[in-house]
Each structure stands twice: as C-alpha cells, then as structure tokens.
Amino acid sequence: MPAIDTVERPRLIVPPSTILVVDDNPVNLQLLVRTLHGTDHRVLAAKDGRAAIEIAKRARPDLMLLDIMMPEVDGFEACRRLKADPATEETVIIFMSALGEVSDKVSGLKLGAVDYITKPIQPDEVLARVETHLARQYLERELRQSRDRLDRELESAARMQRLLLPPTLPRHPAVEFTAFYRTSRHAGGDYYDVLDLGGDRYGIIVADVSGHGAPAAIVMAMIRAVLHTNPALDDPPAVLDQINRHFQYFWGSATFATAIYGVIDVRRRTGRFSCAGHQAPLLVRKPNEVTALSIDSVAPLLLMDLGPVPSSELTFEAGDRLLLYTDGITEREAPDGAMFEEDRLTRALAKAAALEPSAIVDTLVADLDAFAEGQEPRDDQTLVLVGFPQSD
C-alpha cells in the first residue's frame, strides 16, 4: 500500500498571556506553576479565593485555573464575583477539583467557567486545555476587533452616504416635501431626492438598489451622480433611460435598482411619473381614502435595455398627499416574521391623512417601529411625502 502523505496544519501562535493559578494546596500550586513555566505566558499564583479576586482586579488575567474546594471564598464564589465585575468578566476560567460529580461541573459551567480539570493534575492535560482556551480567546478577540473595525468603516460609509442625500428639501408655499430615511445596517442602497427645476417645477426620485451594505451604497452614490448630471431632468422617461444606459456594464449581472422619477408642476398641480419596477405611490385624495396609482412600469434599472419608457400623468387637488416609498417599509418584519405589507401601510396612511405632511411621516414611522417591536430592519427604509395644502 502506498504511503499516505500527511499535511501538518500550521499551529496557531497565541501571543503571551497572563495566567492566574489558584489553589490552597501548596504542592498543587507549585506543580501548576512549574507546569506552565517555559510557555512564554506570565504566570501568577494565589493561595485562596479572596487573594485570587484581588490579584485578578489588578492584573486582569486572560485565563485562570481555579480550585473549587478552598476555605472562606471557594472557587464557585470567586467565579461568581469575577464574572459579575466588568473588569474581570472576560477572564477564561477553568475549574480544578478532585470532585467528579456531574452536578459540580454543571454548576461551574453555569457560573461562566469554560472547562473542568479533575485532580490529580496531569501536566500534559493542563497544558493542552490552557493552550486550547487561550487560542479560542485570542481568535474571539480577533473576530471581535475585526467586527468592530468593520462597524466603524460602515458607520463612516453611512456618514458619507448621508452627505449625498438632500440636507433639506425645497420649500414652496403651495406644496410641502417631507422625507424619512433609515438604512438597515449603517450604509444602504435606498436613495431619494427632490430637485428644484425652476418655474415651480420639482423632480422627485425614489430608488432602491438590490442588496445591502457598502456595495449597494456605492451603486446608490453612482446613480445619484448620474442623475445630477442629467441635462433633461424635466423628462421622466429620459431620466430613467439615461441612468439605465449609463450602467450598461451592469446589464446581465445580479445588480439592479428599482426607481420612480416624476416631475411635479406646482403651479398647474400636475405630475408626470415614470417607473422602473418600483412600488406604485399611494395617493390620499379624500380623508381616509387611499389608492395606489396606476403607473405603467418597465423592468428595473441596470438589468437590460428598457425599450420605450412610458409615463403617467396625474392631476393633483387641494389637500392631496402622495407617498413614495421603498419595499423596506412594507417588508419590515415583526418578531414573529410577519411583514408590515402594503395593506397595513395603506390603513396607517388613511388614519393619519388629516395631519400635516411632516406629522403624517412621523406617524407612519412610529407605526412601523411599533409593529417591529424592536426587531432590527433587514432592508433600508425610505418614505417621501408630497403634500398640497387644503386650500390656496
């Protein structure tokens, strides 16, 4: 039979750590110190539970070998106090005892210990368990630090992304624009904007890039840049077509974006909208009466050639409210997995319709959060409300 080549896995090199050994038996204490000598770790010793607690507070050991049967403060009580103190709660504790009862092991683990060594002490076993738990602690710290670095980077990306959103919305005596924006985790792919086109006309866009996090945020920023350089912002079909053609290199990939863009003429109280796979806006025309606009739509952006992009005309009346939103609103989940859904959004909007536009948005957000009961959102959430006064 041919020899089988074995591949030796590289051994994880754990940085030198501080180990505190605790035992009221001088012979055991000496054996433990001698066993750990030469491991490059800093080894401290304590002869009882009270001394162990005081030393741990000062030295902050990474790992502790803790005897259970000791006078006054036993190992269980010492562990309980150490785990209750933020300064020492992360210390890895391995219990040592001649007791072999399962109940004692379970009690120790429930207090926060990670392992249990049965006396008489075997040096090889002590070294193996110590190195195993120090390696795990080291990897957990590295993972936590990497996660913290990623969180900081995502928070920084979110701050930069928010600079791309309008700091304020245009003001006009005959119309009010109000918006709400929240990402699922620091940075996201939702985008909204309201552009002053002059002559009492405003361009309004709500878009939703597929996916979450930094990749979606980058595409969102690119869409924003393309929109702001578009020379034909008064033509909704041309705006969506131009954005889509600019990103031909995305066609056929897994990246896409839904979007709705419209131009509102405040003086004439008209709107013209084009849609690319996005949710239809909700119109409040009379108190407690909400309908989804019937808008012809093409495929989402960034997927393929859209062909002719249609547009839909709308005439506004006094008191009308128009709500544009992303699916992060209707797909917001409760703890039991139920979704907010369009019907619930419609009812909430109808109930709040008599309020001022900004109060309507605040009420919708409150209803959304109450429904979620603290459940973290899985998707970005955007609301943009256009409100016309009740009378001139």
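Q: How many bridges join strand β1 to β2 in this predicted model?
A: The model is predicted, not experimental. Strand β1 covers residues 18–22 and runs parallel to β2. Within this pair, Val 22 stands opposite Ala 46 of β2. The number of bridges joining β1 to β2 is 5.

Q: Which strands are the edge strands of the open sheet with parallel pairing?
A: This sheet has 5 strands, in the order β2-β1-β3-β4-β5. An edge strand pairs on one side only. Read the order from end to end, and the edge strands are β2 (42–46) and β5 (115–118).

Q: By how many degrees are neighbouring strands of the sheet β2-β1-β3-β4-β5 turned against each other on average?
A: The pairing in this sheet is parallel. Neighbours are still turned against each other. With direction ignored, the average is 20 degrees.

Q: Which strands of this sheet does helix α1 touch?
A: Helix α1 spans residues 26–36 and packs on the sheet. Its direction makes about 160 degrees with that of β1. The strands it touches are β1, β2, β3 (63–67) and β4 (92–97).

Q: What angle does the direction of helix α3 make with that of β4?
A: Helix α3 holds residues 75–84. It packs on the sheet and touches β3 and β4. Its direction makes an angle with that of β4 of about 175 degrees.

Q: Is the aromatic pair of Phe 76 and Phe 95 stacked or edge-to-face?
A: A pair of aromatic rings is described by the distance of the centres and the angle of the planes. For Phe 76 and Phe 95 the centres are 5.4 Å apart, with 85 degrees between the planes. Planes over 60 degrees apart get one name. The pair is therefore edge-to-face.

Q: How many residues apart in the chain are Phe 76 and Phe 95?
A: Phe 76 sits in helix α3, and Phe 95 sits in strand β4. Their pair links distant parts of the chain. The two are 19 residues apart.

Q: Which residue does Lys 119 join through a cis peptide bond?
A: Omega of this bond is about 5 degrees.

Q: Are α6 and α7 roughly parallel or oblique to each other?
A: Helix α6 (residues 213–228) and helix α7 (residues 236–246) pack at an angle of about 130 degrees, with axes 10 Å apart. Roughly perpendicular ends at 115 degrees, and roughly antiparallel needs over 145. The two helices are therefore oblique.

Q: How many nonpolar residues are in the contact of α6 with α7?
A: From α6 come Ile 223, Val 226 and Leu 227; from α7 come Val 239, Gln 242, Ile 243 and His 246. Of these contact residues, 2 are polar and no residue is charged. The nonpolar count is 5.

Q: Why is one side of β6 and of β13 left without a neighbour in the sheet?
A: The open antiparallel sheet has 6 strands, in the order β6-β7-β17-β16-β12-β13. β6 (171–172) and β13 (289–292) stand at its edges. One side of each is left without a neighbour because each has a single partner strand.

Definitions and conventions. Residues numbered from 1 in each chain as written. Predicted model: local features only at pLDDT ≥ 70, side-chain atom pairs only at ≥ 80, totals over all residues. Heavy atoms only, no water. Axes fitted to C-alpha atoms, helices over the stretch in contact; angles between N-to-C directions. Helix = DSSP H or I, 4+ residues; strand = E, 2+ residues; numbered from the N terminus. Parallel < 35°, antiparallel > 145°, perpendicular 65-115°, else oblique. Contact = heavy atoms within 4.5 Å. Nonpolar A, V, L, I, M, F, W, Y, C, P; charged D, E, K, R; others polar. Pairing = 2+ DSSP bridges. Phe/Tyr/Trp six-rings, centres within 6.5 Å; stacked < 30°, edge-to-face > 60°.
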